[in-house]
Amino acid sequence: MATIMLVLMIALLVLGFPMMIPLVVAAMVGFWLSFDGFGQMNTLIQQILGGIRPASLIAVPMFILAADIMTRGHSAERLINMVMAFIGHIRGGLAVSTAASCTLFGAVSGSTQATVVAIGSPLRPRMLKAGYKDPFTLALIINSSDIAFLIPPSIGMILYGVISGTSIGELFIAGIGPGLLILLLFSIYCIIYATVKGVPTEPKASWKERVIAVRQALWPLGFPVIIVGGIYGGVFSPTEAAAACVLYAVILEFIIFRVLKPADLYAIAKSTGLVTAVVFILVGVGNAFSWILSFAQIPQTLLSGLGIYDMGANGVLIAIAIAFFIACMFVDPIVVILVLTPIFAPAVASAGIDPVLVGVLITLMVAIGSATPPFGCDIFTAIAIFKRPYWEVIRGTPPFVLMLVASAILIITFPQIALFLRDLAFA
């Protein structure tokens with residue numbers, strides 16, 4: 001049955017159907033094969049509705065809405081100016097500033113696509129003018145934006161937390177260490193690249209300019225304070241923090257900055273509604289798909305056949321990393337999290353691995369796969385935004401993928417990279 005479902009999904013994807021169609025059809029076929037007909041289709045509908053019922057999922061549209069508001073406002077510009085004021089003058093400073101700005105905006109928006117638009121759109125022309133090659137620039141923007149998947153808030157972590165029953169607050173805190181590690185590796189590479197290529201430096205900002213930049217960025221920096229500080233301080237749950245972020249974004253962009261007007265709300269709400277609809281359809285159908293796999297005992301059979309139960313904790317983590325990385329090279333990351341997480345759940349429980357560590361690793365591998373050829377979804381986001389050909393967009397990605405893979409190896413080898421802050425915050 002699993003083979004039929006997989007072949008059917010691949011065939012429909014090759015024919016050009018959007019991801020939700022192959023998932024729905026494969027789930028229906030799975031139910032039909034399991035129950036000898038469509039007499040149990042009410043169970044399929046119940047599983048789809050059950051997938052979107054958890055209250056924690058309310059955080060997803062809230063964070064998407066907050067990101068939409070900020071992307072159209074001035075938050076990203078103010079964050080960029082602050083970072084540039086302090087490190088823009090060093091060798092490779094503009095590239096390092098791009099990576100740091102993506103990380104900061106990721107802590108504000110939680111969306112890789114929003115980060116590509118908000119940070120990539122203004123900084124790519126500046127990098128090209130400064131002498132950076134476009135393949136390097138595009139790869140830096142795409143891969144740095146994927147840090148947003150790790151730095152809280154993270155939609156990927158929310159979905160993993162809902163599916164696995166893991167604390168979303170703990171996942172958020174645990175993602176900070178790996179996100180900063182990746183920023184450090186990217187920054188070192190940017191400095192080396194600029195030195196080798198002889199890229200000129202930017203003018204050094206005065207302390208007066210730095211003070212002004214920090215003052216202007218204080219309001220946008222309130223987002224990570226609300227999210228991390230609110231959750232860590234016990235003021236908010238992750239869902240409540242998401243709602244607070246929306247309110248804060250509205251106050252910031254509509255009242256304080258006065259960039260947006262009430263007339264803009266319709267376009268923002270429409271954009272958020274469309275993205276949320278797609279996400280929730282995938283979540284609901286993905287839940288039904290996972291249920292039918294579990295009902296048929298396919299995960300247990302598959303993992304036993306691979307001998308994963310005898311691999312030990314590190315072996316299970318490596319298997320998870322490889323599976324999620326390869327899957328996200330071809331399929332939307334939301335679908336991969338929904339389908340593969342329940343499959344590996346028995347092995348994770350059997351090996352006694354901390355589910356928070358697994359969630360961080362899965363989120364990282366999903367981020368890597370999303371920016372990796374041939375079909376990483378962030379690649380096509382960049383193609384659409386920057387109007388550049390496919391081969392030019394992917395040409396500079398290998399060094400960044402290697403650094404991200406190295407980060408995953410370090411996290412598997414030294415789990416405290418992810419768990420230190422979690423243990424400190426939730427001791």
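These legends walk through several close-up views of a predicted model. In this predicted model, local features need pLDDT of at least 70 and side-chain atom pairs count only at pLDDT 80 or more, while totals for chains, interfaces and linings use all residues. Residues are numbered from 1 along each chain as its sequence is written, and side-chain values use heavy atoms, with hydrogens and water left out.

**View 1. Helix H22 covers residues 398–413.** Helices here are DSSP runs (H or I, at least four residues), numbered from the N terminus. H22 has 16 residues and reaches 22 Å from its first C-alpha to its last, close to the 22 Å expected at 1.5 Å a residue; the expected span is 1.5 Å times one less than the number of residues. Look for Phe400, Val401, Met403, Leu404, Ser407, Ala408, Ile411 and Ile412, which are buried. Buried means under 20% relative accessible area, exposed means over 50%, and partly exposed is in between (1.4 Å probe, protein chains only). The cover over the buried residues of H22 includes helices H8 (134–145), H11 (176–197) and H17 (312–328).

**View 2. Leu159 sits in helix H9 (residues 155–164).** Skipping residues up to four places away in sequence, Leu159 touches Leu57, Val283, Ile334 and Ile337; contact means heavy atoms within 4.5 Å. The C-alpha atoms of Leu159 and Leu404 are separated by 22 Å, and the two residues lie 245 apart along the chain.

**View 3. Here is the largest nonpolar core, with 134 residues.** A nonpolar core is a set of buried Ala, Val, Leu, Ile, Met, Phe, Trp, Tyr and Cys residues joined through side-chain atoms within 4.5 Å. Among the residues with the most contacts inside this core are Phe105, Tyr132 and Phe289. Leaving aside neighbours within four places in sequence, Phe289 is in contact with Met5, Met9, Leu23, Ala26, Ala27 and Val339. There's also a second, separate core of ten residues, including Leu138, Ile141, Ile379 and Phe386.

View 4. Not counting residues up to four places away in sequence, Thr103 touches Ile147, Ile151 and Leu183.

Notes. Helix = DSSP H or I, 4+ residues; strand = E, 2+ residues; numbered from the N terminus.
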